[in-house]
Each structure stands twice: as C-alpha cells, then as structure tokens.
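My entries follow in the order I made them.

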Amino acid sequence: MATDNATSRPRKQLILNAFVEMCSGHQSPGLWRHPEDESHRFNDIDHWIELAKLLESAKFHGIFIADVLVTSPGGYDVYKGPRNLEPAIVSGAQWPVNEPLAVVPAMAAATQNIGFGVTVTTTYEQPYHLARRLSTIDHLTKGRIGWNIVTGYLDSAARNLGHTQQPQHDDRYAQAEEYIKVTYKLWESSWRSDAVVLDRTRGIYTDPTRVREINHTGKYFSVPGPHICQPSPQRTPVILQAGTSKAGKAFAAQHAEAIFVAGHSPSVVAKNIAEIRETAKTQFGRDPAGIKFLALLCPVLGRTEEEAWEKFRYFRSLGSIDGALALFGGWTGIDLDRYGEDEELRHVESNAIRSAVEGWSKATPEVEKWTKATVGQHITVGGLGATPVGTPQQVADQMERWVNEADVDGFNLIQAYAIKPGSFKDIIDLLIPELRKRGLFWDDYTVKKGTYRENIYGKEGQSGPPADHPAAKYRWHAGVEAADHPVPEN
C-alpha cells in the first residue's frame, strides 16, 4: 500500500461518487449552453443508463443523485423574491427537475457493482411509505441503494405540501431523529432474517411467527407496522447525510455512514469533520474512522495547465449569474438582489453572507472585491464545492491536500458542464489514471456484485450497518425468538 511521505501513514483509498441531479446543469447554471452539453437529456432513460455504465467502467463507488424537488418543491424562489421563480426558470437552475428514485432500477439493471445514493426528506413524507419505497429499490438493485437524509430547507416545500411554512430547524431534526428510528424498526426489527421460508410442501410462504408489529408511538409518528416488505439485501440502506449545523452534526455523528461536506478549501471543513468524528466516538461509541467524509469537488482538467484554464474561462463565460444567485438564495435563504451592484459583501450586516464570502476569499485570494456579481460568477462553475483547475497531477495534488488537511475519505465529483461525455470523461481519462498511479484509487470493486455498503467499507459481508451503528441493535437475526429480541423502544 502507498504511504504519505509527510506522515508515513498509509494513504487512503479514495471513495469516488459522481454527483448529479435529474436536471440540466445541476450546480453550474447556464452551462447547458455548452455545445457539447448532454445534461439536457435528463428526461431520457438511455442517458442515465449510459452514465451508469460509463461510471461503472471506471469503477466509481456510486452515483449520488441530489433532489431539489423533495427538499424544496417550488424551486429556488428567494432571489429577486419573495416567491419569484423566474431567475431559476429562465436559467435552468435546477429547474425543471425530475424525481430521482424512479431512474435507479434502470441504471441498476444495466450494471452490477456501482451504488446509488438518493436524497429523500424526512419532513414531508411518512416513514412507513418511504421505508417501503427504499426496501423495494434495495431489492431491485440487489443492495446498492443509499439514503441521503435531509430535513428540507425552503418554505416553498411546506407551501406545496399543505403547510404554511417549514418547521423550525431544530424541530426538523428532532422529527428526523424519531423518523429514522421508525425506519430502523421497520427494516431491522419487524421481520426476522429467515421469515420467508418458501415451504412448498406445507404451503407456507412466510412464517407468521417471524413477522411482528413494531407498535411505534411517538411525538411525531404512530406506526404500528409490520413492515410490508421482506428484508432486503442491506435492510437499512447506506445512511448518507450532509448537515453541518449543530443539530445536523449531532445527527450525523449518531447515524451517518458517509457525510457530504462542501467548502472551497480544506480549512473550511476540517473543524466540522474533526468535531463529528469526536462526537461519534465519545457520545455514541462509534469508530470515528468508520464514518466516511466526502468533499464536493468540481475539477476542470486539461492535458496542460493552459488547456484547463481555457476550459474554465469558457465555462465561466456561459454561466448564468442570475441562475447562480437563485441557487445561492435557495441554499442560504438570502436574497442578494437587496444589495447594490458594486456593494462589497464583506461588510454587509448578514453574518451568513460574511461567513460565506470569507471562506471564498481564503480559497480565491485573487478576487479583490466580493459583490453579488462575483459571488454569482464564482458559483457558476462548481456551485458550493471547490473547483481545482489544472493538469491531472495538479488536481490530484489538491485532492491529496484535502485528505491530509481535512481528513476526507473521498469526493463527490460534480460535472462542470456535461454529464456525458464531458467532465466525467475527463475525470475517467485524465484524473483516475493519476490517482491510481499514486495508490489513491482502486483498480476494481472490492466485492464484485456486492452491496453499496460492502464496497464503501471495502469489506465483504458488510451488507448491513456495522456493529457500532445504532441500526445494528434493531436487527432481528435468524433463529432468535421474538421474546429474546423485542423491538427496541428507541
């Protein structure tokens, strides 16, 4: 195994996910104008099948499909608002956007190894219904599904789903805490592992003594059960999470197996990563190294540095400033249209804006003055993530810096403009060979035809959550009598 010369420790084998959305442009609004763009084909199932096959050929661990419809139905309507969708609609800033779970079985049918992470909120969907949907997809993918848990962040979500406004932030996480425990009970405790017997002689499909109600009664949910699906290959899908608020970090430290982080330099996320690992260890008894942190990265690659920067400048010229500021408004709840064209945002009254600008300033010191236009321009290529520009060697150097300085375990790689064959093909043809040369990326899947969880952990047989994960205590194992393993109360 390769070692890091600076620390003499073994280098991490990076986890690489492709970060996409069922829309055109994703976090780079306006770049659908590129003549080679194919992201406008997001309504075409062949597009997604081709993408899955391409990424599996390169041995990507997974495809993470974000979802704005679930987290914020109604779109990004803060910029030039209130409730003004026009900037997002005109620029194609995650609008229109389709439901992601629907396409996963088609991609899975065309592949054998790559995993699929999908965003679904806990705020506006009942846990019994979602548990069934995810169990179904876990069956159809042969155990290759992950659930990115979000609590919702836009009031437009609440309005379109029968509410006047979304619940308060900490209330959403309290609800999510109960929600996920309901799903653990359904997935892990409602059916014994050997409940389905298929006894043709006696005519017994499922042994009824091995299926039980969960009888959950809580503050937010009442779910008697039992779960309507038999145990799937993973039972509990891989738990993914991205919250970095105080409540979000506590939730992640307890439940997340992989955590998505975004920032324009390692220093921006290093403290959060260290804090979550420490909390996981001291408060929840989990192995901190078992939690995988994946940084958002949008590499712009060229065979020469000049070629890479030429690409980057062209991408920037196509980007939509209004679309980028619509996304910023949705992400932060802040309407930058309130500020003057030349007003320096470093000095405005908003702590959130000042904090964001300060992070960008450290990563991009060449920008002399941060205005709403420069913020918008900055977002047009890569959104909230870092955007290293250069040769494969230079980008790989930056990735190693993230590993060494922030302790990340891998990356969610977001395309700069075209889902296929553009940016991902550059990553496959240029970057991955360099990562392999450095011993940073595997040559093949650790577990062929394995589950998403087995290949994330690199451990055959790890189809269910690890023993130190809270879901593990809920599992009703084969041969165990119900009285000897009652449904855990929490």
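**Entry 1**

I started with strand pairing: β2 (residues 62–66) and β3 run parallel and share four bridges. Strands here are DSSP E runs of at least two residues, helices are H or I runs of at least four, and both are numbered from the N terminus. I count two strands as paired if DSSP finds at least two bridges between them.

The model is predicted, so local features need pLDDT of at least 70 and side-chain atom pairs count only at pLDDT 80 or more, while totals for chains, interfaces and linings use all residues. Residues are numbered from 1 along each chain as its sequence is written, and side-chain values use heavy atoms, with hydrogens and water left out.

Phe64 has Gly117 of β3 as its bridge partner. Between β3 and β4 the chain passes through helix α5 (residues 127–140), a β-α-β crossover that is right-handed. Right-handed means that, with the strands pointing away from the viewer, the path from the first strand over the helix to the second runs clockwise.

I then looked up strand β1 (residues 15–21). It pairs with β2 in the parallel sense over five bridges. Phe19 has Phe64 of β2 as its bridge partner. Touching, or contact, means heavy atoms within 4.5 Å.

**Entry 1: what is covered**

I asked which residues of β3 (residues 115–121) are buried; seven of its seven are. Buried means under 20% relative accessible area, exposed over 50%, and partly exposed in between (1.4 Å probe, protein chains only). Gly115, Gly117, Thr119 and Thr121 point one way from β3, and Phe116, Val118 and Val120 point the other way. I noted the rule behind this: side chains in a regular strand alternate between the two faces of the sheet.

Helix α8 (residues 246–255) is largely enclosed by the rest of the structure, because eight of its 10 residues are buried. Among the buried ones are Lys249, Gln254 and His255. In helix α13 (residues 372–380), the buried residues include Lys372, His378 and Thr380. Gly382 follows α13 and has a positive phi, near 100°.

I picked Val104, which lies in helix α4 (residues 104–109). Its relative accessible area is 0%, so Val104 is buried. Leaving out residues up to four places away in sequence, Val104 touches Ile65, Phe116, Val118, Ile137, Thr141 and Ile145.

How many disulfides are there? A search of the whole structure finds zero, taking a disulfide as a pair of cysteine sulfur atoms within 2.5 Å. I looked at two cysteines anyway. Cys229 is buried at 10% relative accessible area, and Cys298 is buried at 0%.

I kept one rule in mind: most residues other than glycine have a negative phi, and most peptide bonds are trans. The bond from Gly225 to Pro226 is cis, with omega near 5°. Pro226 sits in the loop between β8 (222–223) and β9 (238–241).

Leu198 is not a glycine, yet its phi is positive, about 50°. I located Leu198 in strand β5 (residues 196–199). Asp407 also has a positive phi, near 65°. Asp407 is in the loop between α14 and β14. Are these two buried or partly exposed? Leu198 is partly exposed at 43% relative accessibility, and Asp407 is partly exposed at 30%.

**Entry 2: totals**

The protein chain has 16 helices and 14 strands. Of its 490 residues, 58% count as buried.
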